[in-house]
Amino acid sequence: MATLDLNAISKSFGSAKVLHDISLAIKDKEFVVFVGPSGCGKSTLLRIIAGLEEASSGQIVIGGDDVSDAHPVDRGISMVFQSYALYPHLSVYENIAFPLRVQKMDAAEMDSRVQKAAAILQLTDKLQLKPGQLSGGQRQRVAIGRSIVRNPKVFLFDEPLSNLDAALRGDMRVELSQLHRDLDATMVYVTHDQVEAMTMADRIVVLNGGRVEQFGSPMELYHHPATKFVASFIGQPNMNLIPATVIGADATGVSVELDGGHRMALPVAAGTVKAGDKVEVGIRPEHVEVSSKGLEISVNVLERLGGVSITYGVIGDGTRFCASLPGDAVIEEGRNLTLSVAPENCHVFDANGDVLRRQAAPEMVA
Amino acid sequence: MADVMHADSSATTKRERKTIPESLFAWLLVGPAMIFIAVIVAWPLAETIRLSFMEAGLGGEKFIGLENYQDLAESRKFHQTIVRTFYWMFLSVGLKLVLGLIGATLLNAAIPGRALFRVLVMPPWVIPIAIGCIGWLWLYNGYFGVLSGVMMHLGITDAPFEFLAQKQSAFYSAIATDVWVGVPMVTLFFLAAMQGVSRDLYEAAWVDGAGRWYRFRRITIPQIMPVIVSMSLLSAIFTFNSFEIIWILTEGGPRGATTTLIVDTYKTAIGNYKFGEGSARAVIIVLLLGLFSLAYLFFLNKVNKKYGVK
């Protein structure tokens with residue numbers, strides 16, 4: 001296995017620049033997930049690493065070797081495609097063996113590798129079947145098997161679970177994490193699903209508009225999102241972002257007045273913000289609780305999920321707000337609800353969308 | 001009251017539905033098509049079969065049993081025609097498939113001006129066969145034709161070469177024209193099939209190190225195999241029945257060198273007014289093509305199973 005370094009990778013299609021100077025250092029045996037909305041460039045970046053697209057500029061280094069101009073097969077990577085890319089006319093065995101046949105590998109060695117991969121992926125009894133006779137999850141395993149047999153330095157996954165139903169996706173997430181542990185391999189995984197990113201990744205790269213918004217561990221992204229985009233992308237349900245005005249800023253933090261009149265003192269690094277600046281306060285739905293004093297919301301929709309009640313409403317002048325409350329919380333649609341949030345759990349984003357680093361637990365000001 | 005009326009109308013609808021059985025409705029739907037087929041296919045076919053047991057000409061009809069078939073079985077000339085027809089068919093279809101495959105591969109490749117080439121491949125198919133064949137007549141002409149002129153210019157021949165006057169050259173010239181007419185259709189069908197092959201399959205193979213030829217052999221050909229089989233049969237039937245090209249170019253000559261079964265049938269029945277003998281030949285064509293179709297269905301089924309087509 002190997003490290004993967006991307007140095008100032010850019011990509012343009014005609015006049016449209018889709019990747020902007022992306023530099024990442026992925027460690028050996030690390031599971032890194034590229035996540036972002038459609039069109040953010042995550043798949044393009046993966047295809048550049050694979051050698052399926054040529055970068056307009058920049059350098060790709062795998063295991064210390066510059067492979068920027070190397071043929072895909074010489075990069076020491078293997079790739080699992082979103083569509084699985086299985087050959088429908090070939091049996092499972094032949095699909096897994098395909099890369100080895102291309103290499104004209106000795107039959108005994110090839111058989112041994114295929115059988116080993118099949119055993120890891122529980123496909124031994126399916127080897128003679130055609131892909132059309134398999135379930136979605138089994139097809140996905142065959143695609144992974146085809147990538148395993150080559151013993152690549154880096155595994156690349158391009159949204160491999162997006163064609164599966166929700167239940168199977170959950171199972172496959174666990175299987176892929178297990179596989180990462182078993183193979184002890186460097187893996188790069190592309191998805192638009194933040195749940196996949198949070199549950200599987202050692203580190204996550206959040207991409208937006210062809211730029212890296214943040215590169216960090218899942219909990220780092222959750223607790224310390226660098227930008228408003230990361231904050232709203234990571235976490236389910238999405239973080240509430242409430243427009244506010246700074247009424248005071250000092251070494252202890254920032255005091256703000258939310259649109260609607262509510263005031264809060266928040267322990268964040270004030271940075272360059274000053275009284276009168278417009279900011280946004282981020283509050284995660286799971287960080288609020290029903291209280292007698294605090295933020296008043298008018299409940300529009302209530303989703304009882306059993307363990308939690310996802311409550312949608314509006315605050316003040318109409319800003320939408322979502323709260324994740326206990327499953328048996330006494331809430332009614334059409335009624336008002338008062339919620340409180342610990343100031344240390346609040347995030348503040350300046351007018352550019354950059355975070356003011358959280359410092360300590362602030363108190364809510366009535 | 002409104003409820004009662006609603007109930008009544010609902011009951012009426014149910015009664016009405018019961019009065020038109022599903023099977024009758026189905027027959028009503030397919031009826032017009034069946035009548036159409038009966039008039040233009042079934043009746044002429046039945047009439048052809050009936051005539052094949054007759055000695056039929058301008059003078060009238062006389063039942064002679066299997067005598068027409070017996071004559072054909074004993075006719076050395078007819079046997080030669082069958083052999084020639086199959087040779088004509090296999091050679092022409094083979095060339096169409098090979099050239100179609102090459103053409104489709106080129107048109108599917110990311111080459112500049114691909115859209116223009118895709119348009120340029122169409123004319124032989126679009127131009128009426130008669131007009132195209134007249135063009136070929138000129139090409140094959142010994143004194144005015146380009147081909148003969150080029151051959152003389154290059155020193156291949158020292159005198160004008162009349163392509164359609166020699167037995168062998170007439171046969172292969174007719175095949176060349178037939179291939180020219182047939183290749184565009186085969187090319188476009190192959191092209192459509194190739195475009196249906198997922199790009200991911202090629203990319204996956206490329207990442208695995210498969211070269212261009214390997215990808216063509218191991219991915220493209222198996223993926224379009226059902227279309228290759230279908231086009232083989234369609235092309236075989238069209239070529240077997242190809243009449244206009246031969247008739248316009250050579251009328252089956254010289255000395256029968258380009259007379260295939262269909263031309264022989266036409267000459268016998270329409271040219272010589274031997275409707276009974278011509279019908280017997282037509283029946284044999286139908287039987288041969290029927291056997292061909294059965295073999296095709298069997299083969300296609302096997303191919304679909306082998307290549308994972310549901």
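**Entry 1: a bridge in a sheet.** I looked up A:Ile77 and found that its bridge partner in β7(A) is A:Val154. This is a predicted model, where local features need pLDDT of at least 70, side-chain atom pairs count only at pLDDT 80 or more, and totals for chains, interfaces and linings use all residues. Residues are numbered from 1 along each chain as its sequence is written, while chains are lettered from A and ligands numbered from 1 in the order in which they are written.

**Entry 2: the strands.** Next I checked how β6(A) and β7 (residues 154–158) of chain A run: they are parallel, joined by four bridges. My reminder: strands are DSSP runs of E, at least two residues, and helices are runs of H or I, at least four residues, numbered from the N terminus. Two strands pair if DSSP finds at least two bridges between them.

**Entry 3: the whole sheet.** I traced an open sheet of six strands in chain A, ordered β6-β7-β8-β3-β9-β10, with mixed pairing. At its edges I found β6 (77–80) and β10 (211–216) of chain A, each pairing on one side only.

**Entry 4: chain B.** Which elements give two or more residues to the side of chain A that touches chain B? I found β6 and α2 (92–102) of chain A, and α2(A) gives the most, with three residues. In total, 19 residues of chain A are in contact with 18 residues of chain B; contact means that C-beta atoms, placed from the backbone, lie within 7 Å.

**Entry 5: domains.** Finally, I noted that chain A is divided into domain 1 (4–232) and domain 2 (237–356), with bounds from an automatic or database domain assignment. Their centres, taken over C-alpha atoms, are 37 Å apart.

Conventions
Contact = placed C-beta atoms within 7 Å.
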